[in-house]
Protein chains: 6
Amino acid sequence: MRILVANANTTQAITAACVAAAQAAAAPGTEIIGATPAFGPAVISTRAENAIAAHALLATLAEYAGTIDAAVLAVSHDTALEAARQLMPCPVIGMTEAACLTACLVGGQFGVLTLGQAGPYEELVARHGLTARCGQVLGLPLTPQQAIANPDGAAGQVLAAAEAMAARCDSVVLAGAALAGMAAALQPRAALPLLDGIACAVKLAEALAALRLPKPRSGSYAAPEGRAALGLSPALAALLRGA
Amino acid sequence: MRILVANANTTQAITAACVAAAQAAAAPGTEIIGATPAFGPAVISTRAENAIAAHALLATLAEYAGTIDAAVLAVSHDTALEAARQLMPCPVIGMTEAACLTACLVGGQFGVLTLGQAGPYEELVARHGLTARCGQVLGLPLTPQQAIANPDGAAGQVLAAAEAMAARCDSVVLAGAALAGMAAALQPRAALPLLDGIACAVKLAEALAALRLPKPRSGSYAAPEGRAALGLSPALAALLRGA
Amino acid sequence: MRILVANANTTQAITAACVAAAQAAAAPGTEIIGATPAFGPAVISTRAENAIAAHALLATLAEYAGTIDAAVLAVSHDTALEAARQLMPCPVIGMTEAACLTACLVGGQFGVLTLGQAGPYEELVARHGLTARCGQVLGLPLTPQQAIANPDGAAGQVLAAAEAMAARCDSVVLAGAALAGMAAALQPRAALPLLDGIACAVKLAEALAALRLPKPRSGSYAAPEGRAALGLSPALAALLRGA
Amino acid sequence: MRILVANANTTQAITAACVAAAQAAAAPGTEIIGATPAFGPAVISTRAENAIAAHALLATLAEYAGTIDAAVLAVSHDTALEAARQLMPCPVIGMTEAACLTACLVGGQFGVLTLGQAGPYEELVARHGLTARCGQVLGLPLTPQQAIANPDGAAGQVLAAAEAMAARCDSVVLAGAALAGMAAALQPRAALPLLDGIACAVKLAEALAALRLPKPRSGSYAAPEGRAALGLSPALAALLRGA
Amino acid sequence: MRILVANANTTQAITAACVAAAQAAAAPGTEIIGATPAFGPAVISTRAENAIAAHALLATLAEYAGTIDAAVLAVSHDTALEAARQLMPCPVIGMTEAACLTACLVGGQFGVLTLGQAGPYEELVARHGLTARCGQVLGLPLTPQQAIANPDGAAGQVLAAAEAMAARCDSVVLAGAALAGMAAALQPRAALPLLDGIACAVKLAEALAALRLPKPRSGSYAAPEGRAALGLSPALAALLRGA
Amino acid sequence: MRILVANANTTQAITAACVAAAQAAAAPGTEIIGATPAFGPAVISTRAENAIAAHALLATLAEYAGTIDAAVLAVSHDTALEAARQLMPCPVIGMTEAACLTACLVGGQFGVLTLGQAGPYEELVARHGLTARCGQVLGLPLTPQQAIANPDGAAGQVLAAAEAMAARCDSVVLAGAALAGMAAALQPRAALPLLDGIACAVKLAEALAALRLPKPRSGSYAAPEGRAALGLSPALAALLRGA
C-alpha cells in the first residue's frame, strides 16, 4: 500500500519529520511517500495562509492522483481536507481529524492541546462536528521557537497540562507541528492516552484503503467533472476536468 | 492479533455470521474469535432487552480479558459500549460506532438505514455525539422476517432507499442484523458508499490495537478497582475488583 | 397509592434511607414500599457497575409489576430509567431526572452538586435533554467516606459550593447517595432552593399516577411483547413475553 | 391548598373553562380560583398581543400575591412565565411548560399538536430548553372557529394527527385554547398519551407547593426589591418595591 | 430619513442620552426623534420590569406608526423586539441585537461586557440565535451607581476586562445603559473593536430602511389584523385592529 | 466611500453583473469598483474549486489593500471570507453572510433558496453560526443553464418555492449567481421579503465603514505580520509580511 504524506507548507524539514513519523506508525507492507508544495506559506499560522495553502496542497495532491492508495494531510489545521476528499480518487485523511476520531474510540471526551491560540482548534473540532466529544481545547502560552529552544521545559508543560485536562478529558490530542512526535515520547509519563495526528492518520488511512469503498457518485463529495479553470497546474486542471 | 467478536444476544447463528463477516474483513495476521452470552435476550429489539444484554455482554467479555488484543461488539445498538470500554484492558469497538466514524472519513454527512424504527438509531448517533454529521436515519417498513423471506425484494428496497438518501448523505451505514453482509453485495449497484459495521469495526480494532495506547488512569474510563458485588460471574467480579 | 422505591445496588441500608426520605415526602394517602436487588454491585460508582445494575434493577422492578401505582428509582444515576419505563405497566421516575425537572419549574438554570466526578452527571443531564437548562455541574473533591466521617465539614462545603453556584444557577440539585437527606437540613442556611431527588421523585410519581395516562401503544416505549430470553428471572421473562 | 388559575386574555368564558378543567384535575384538598385580566387582548394570537398580555397577567397575579399557594398560567403561550416566577412569592407554572415536562416523564420524545402556526410553539419549546426532547410540532390547518363549528371533525383530525405523530413521538401535548379538554375525551381512542396543559399544571403546582422550596435570594429569579415605576396598578407596584 | 429612538423605561434623561448617541452615529440626511414611555419602570433591571416595559414600549412605538422610516429600541435588553417588529409597519432594530450582528461582521467570536449579572445577556444572545458566535458574556461586579460615581475607575475596569476577553473574542459589545457612550471614548486604548448598541442600531436601521423590504404577509411577523383588545391606548389598539 | 466588489471566479460577465447590482444598491456618495481574479475556476461549483478560488480571491483583494473603504465578496459561497477579513485592513463582507444577517433583522426564521444542491448552503449557514435562525434551505432542481434559457419559468418556480417556504420562514435569501438580481424583480409578487446578497452586502459595507471600527490587535483576525511565503503575488506577499 502506498500512502502519500502531503505537507501543506513549503518547509521541506517538516515534510521529512512527518514522513518519519508516518513510517514509524505504518504497517509492514505500507510505503510512505512525502510531498511538499511548490508555493505558499513557509509555515501556516494565520487564516490567510491557511486559505492560500489549500490551493497549494490541492496542486500537490493532484500530482499523485492515481498513483497512491491514500493520502494523509500532514498539517494540523486539516487544510483543504473536504476539498481534497472530493478531488482525489483515493481516501484522504486529515491528521487532526484522525486523532480526534481515534480519541472517540478511547473514551468519552477528548482534549486538544496545542501551543498558542486555542480558538482555531475549537473551530476545527466544530467543523468536524465533534464539539460534543471535546471536553477542552487548551493553548499553552509558548511559541514553537521557545518549545524548540527548551524541549525539556516544553515537555514538562505538556505533561502538566495533560494531567490537568484529565479532569474533563479521557485522552489528549497533541496538535501542531511543534508537538509532533511528543506523544510517543511522553506517553510513559502521562496519565491519559496522548494521540499523535500522523500516527492516527496513517492507521486510519490503512484501514480505509483496505475497506475499498467507492467514491460517492453524487453530492458535494462526488469527483469534479467538466470544470474549467484558468492558470492552474496541469494535474490540478485535469482533475477538475475529470480527465 | 486476536480480536474477539462478541455477540450480545444468545443466538449462536448470529455470532457465527458476524464471525464470518469479521474474518472477511480482517488483515492476514488477524485471528477472529467469536463469543455468545450465556443468558439474556434471543434478539435485542426493545430497551429492556438492551439493558439486560448489557450485563450479559460484560460477563461474556470478562471471560476473555487479558487474552485478546481488541474486542468488537457484534450488536448494532452498541450495547454496553462505554461500560465495556471502561471494564476491559484492551480496545473495545462498537459496530455502529465504527461504521459512523468511518463514514466521517468518507464524506460530510452520513445516513443510517435500518429495518423498523429509526428512533433508537437517532438516539445512538446522538449518544456518540455525531448528530451533526448524520444527515438522515431511515427505518424501512420491513420486518427482519420479511427481509429474510424475500432477500431480493429487501435488497431492492435498500438500494432504492440509499439512492434517495443521496440527497442528504454522502454514505450510508447499514444497521441491524437483518442487513448484515448486504453492504458488500449491494455496493456495485449503489451510488453511495455502503458501510458495514462489522467490517469497519474490525479495521478500526486493528488500527487501535496497533497504536498501543494505554487506558486512562483517571476519570470514568479508568479500569474499575476494588469494587464489590453480589452474584456476578467470577470473571466479571474479578475485573470489578481490579484483580 | 402504592409507590415502590427501588434501589439499584445491593446495600439494604441505602434502600432503608431512601424509603425513609420517600415517606417524609409522600402525601398522606401514599404507601411507600422499598426493594433491593438480589445481585449486582454493592454501590454503583463505575460505568460497568451501572450497566450491570440495570439488569438487577429491572429484575427487581419486575417482581412488583401490577401491584404498584408508580416506581421511583432510588439511584442517582437514573440507572435503566428508559428501559424500566418501557418495561413496567406503571409510571417510573428517576430521582435525578425528577430533581432536574422540578428545578426547571423553580428558575431558569439549575446546578448539580455531587461528590467526586462531575462528568457522569453532565452526561446524565445531556441524556435527559436538559443541558440547556443546566448552568453548572460541580463535583466536590470529597469521598463519600470523608463526608460520612465529618458530616459538619461536608455540610459546610456543600453550602459554600451552593453559594458559589448561585452566580450561574437558580437552584441546586444535590446528587449522589452521600448527599441524600442534606437538602432539607441545609435549606434554611442556603441562598438557593436545594433539590432532593427522592422527594422530587415521590411528588412527581404521585402527580403522574393521578393523571392516569396510558402507555404508548407503539414506538420504543410500548410494552415488550413476545420477546424470548434465556436465564432471566421468571418475573422479568414474563414481562418481556408480555404475559 | 389554593391554586390560582390565571387567564392572560380578557375573555371570561375561557377563564371559566380553564377553572373547570383545573377542578377536574385537582386533588381533594385543592381549591381552584380563577382570575381574568382587566385589560389586554380578547384572545392572544400575535406576538404583539402576547407582549401586552404579559403586563396584564402580571397585574392580575399581583392581586393574589400572598393569598395563594401556587399559580397556574392558563394560556398556552406560557405568557410572562419567567417574569411571573420572579415576581410572585409562590410557585408559578405554565400550562404548556407543565405538559412538556410531564411528557418527559412518559417517554423519550414528545410532540406538540395545535391549530394554526407551529412556529410559535417551536419557539416556546426552545425557550424552555426542551428542543432535544421534542420530536415534532404540528399545526393543523384548522381555525379555532372551524374546530368549534365542527367538533367531531376536529376530533377526528386531532386523532389522525396524533396517530401520525407516533412515528416520532411517545406522547402528544395538545396546545391552544381550541384543544382544551380534548385530551381526556380522545384518550380512549388514541395510540399515545395525550397531555392536557391545565391538568398537568395543576398536578405540578400541587407537587411543587408541597415541596415548600424557598425562592432564590439572588440572581434573576430573586424577588424584585426597591424598583420604582410609573402608572402601574398598586398591587403590581407594591411587588416591584418589595413591599 | 426619520428614525425613532424609543426608550423602554420612563427616565427622560436616558432617552436624551440615547438620542445624542444616535445623532452622533447618524448619516447626514438622517433625523433622530426620541420617545419615552408614559408608564412603566424607571429603569429595567428585573424580568418583571422587562415584561411590563414591553407593553409600555409597544404603546410608545404605536404613536409613531406611519410617521417614521425605522425604529431603534434604546434598551439593552431588546425589550419587546419581536413583538415590535411584527406590530410596526417599518423596520425595528434592537440595540444589543444590532451590536451582536455587527460584531459578526468584524470577527469570529464576540464578547458581551456589562455591569452586574451576565445571565440575562446570555439568554438574550441565545434568543437571537447567536450563541455559537458568542465567546464570552462577562458581568463586571460594579453597580451603575458605582460606575457613575467613579467613571475613570469604571473605564479602567472595562478596558482591563476587554483586554482579558481578547483571549476568546474578536470584539466586545458594551451592553447596558451604564456603559453607553463608553465605546467611542475607550476605543483608542482598546485592543479589540468595542461595539456600541445605539451606533450599530442606527447604521443598521439606515441600511434596512434603504433596502425598502416589505413586511412578510404571512407567519408570526405579519402585521396584526382584526385583533380586539380592552383598555389599550387608541394608537396601539388601532395597530392591532390593522386600521 | 469606495467599495470593491470582488468576484471569486474568472468570468468577467459575472463581475459586471455584480457591479451593476451593487451600484443600484449603493448610497449616493458610494463608488463601486469591480475586480476579477487572474486565475482559478470559471465558475465555482465544487469544493475543490472553492478552495482554489480562495487563493485567487485573496490575491485579487490584496491588489486593492489601502485604496478602498470596504470589500464585498461577490460569490455566494462567501469564499475565503474569514481569511479576507483577517488579511485586509478594511471591512470585508460576504454576500450570503450579508443577506442572512439582514434576514435576522426582518423576522425570526429565514430561508435560503438556490438552484441545485442545498447541502453546501446548509454548511455555509452553519459556518456563520446562524443555523438556529434558518428555517429551511431549499435547492430547486434546475440548472443555471435551464434558468437562463427560460427565465420566466425559473421566476415562476422561485416564486412558488418562496410561497411554500413561508410556512417556516419569514424571509427568503436568494443564493447563487443564477438568481442574482431576481429579488428586486420578483418582490412585488412575493409574499415574503426576498433578500439579494449583493444589495445587502453593499448596505452593510457602508454601515460598517461608517462605524470606523479598528481591526482586533490580537487573535485570529489580527492582521498577519512577518509571515514568509513562496511564489505568491507581490501584493499578497506584502500583506502577509505586514509591510
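## Symmetry of chains D and E

Chain E is superposed on chain D by a rotation of 180 degrees with 0.0 Å of shift along its axis, and the RMSD is 0.0 Å. The structure is a predicted model, and the relation applies to the computed coordinates of the two chains. E:His55 is the residue of chain E that comes closest to the rotation axis, its C-alpha atom lying at 3.2 Å.

The two copies meet through the same surface, because 100% of the interface residues of chain E are also interface residues in chain D.

## The interface of chains E and D

The contact involves 36 residues of chain E and 36 residues of chain D. The size of an interface is often given as the accessible area lost when the parts come together. For chain E and chain D the buried area is about 2700 Å², and carbon and sulfur atoms give 62% of it. Three residues, E:Arg47, E:Ile52 and E:Arg227, supply 23% of the area that chain E buries against chain D, which is more than any other three residues.

Between chain E and chain D there are 17 residue pairs in polar contact, both residues being at pLDDT 80 or more. The side of chain E that touches chain D draws at least two residues from each of strand E3 (40-41), helix H2 (47-62), helix H3 (81-87), strand E10 (229-230) and helix H10 (234-241) of chain E. Helix H2 of chain E gives the most to this side, with eight residues. Sorted by class, the side of chain E that touches chain D comprises 22 nonpolar, ten polar and four charged residues.

## Salt bridges and strand pairing between E and D

Two salt bridges are counted between chain E and chain D. One of them joins D:Arg227 to E:Glu49, with the closest N and O atoms 2.8 Å apart.

Strand E10 of chain D (residues 229-230) pairs with strand E3 of chain E in the antiparallel sense, over two bridges. Within this pairing, D:Ala229 has E:Pro41 as its bridge partner in strand E3 of chain E.

## The interface of chains B and A

Chain B is superposed on chain A by a rotation of 180 degrees with 0.0 Å of shift along its axis, at an RMSD of 0.0 Å. This is the relation of a two-fold axis. Since 100% of the interface residues of chain B are also interface residues in chain A, these copies meet through the same surface.

In this contact 41 residues come from chain B and 41 residues from chain A. The area buried between chain B and chain A is about 3300 Å², with 67% given by carbon and sulfur atoms. Strand E5 (92-94), helix H4 (95-104), strand E9 (194-196) and helix H9 (197-211) of chain B each supply at least two residues of the side that touches chain A. Helix H9 of chain B gives the most, with eight residues. The side of chain B that touches chain A has, by class, 26 nonpolar, eight polar and seven charged residues.

## Chain pairs without contact

Chain B does not contact chain D, and the closest C-alpha atoms of these two chains lie 7 Å apart. Chain B and chain E do not touch either, their nearest C-alpha atoms being 14 Å apart.

## Salt bridges in the whole structure

Over all chains, the structure holds 36 salt bridges.

How values were computed
Residues are numbered from 1 along each chain as its sequence is written. Chains are lettered from A and ligands numbered from 1 in the order in which they are written. This is a predicted model: local features need pLDDT of at least 70, side-chain atom pairs count only at pLDDT 80 or more; totals for chains, interfaces and linings use all residues. Side-chain values use heavy atoms; hydrogens and water are left out. Copies are superposed by least squares on the C-alpha atoms of residues with pLDDT of at least 70 in both. Contact means heavy atoms within 4.5 Å. Buried area is the accessible area (1.4 Å probe) that two parts lose on being put together, summed over both. A salt bridge is a side-chain nitrogen of Lys or Arg within 4 Å of a carboxyl oxygen of Asp or Glu. A polar contact is a pair of N or O atoms within 3.5 Å; within protein, one must be able to donate a hydrogen and the other to accept it, and residues adjacent in sequence count only if both atoms are side-chain atoms. Helices (H or I, at least four residues) and strands (E, at least two) are DSSP runs, numbered from the N terminus. Ala, Val, Leu, Ile, Met, Phe, Trp, Tyr, Cys and Pro count as nonpolar, Asp, Glu, Lys and Arg as charged, and the others, Gly among them, as polar. Two strands pair if DSSP finds at least two bridges between them.
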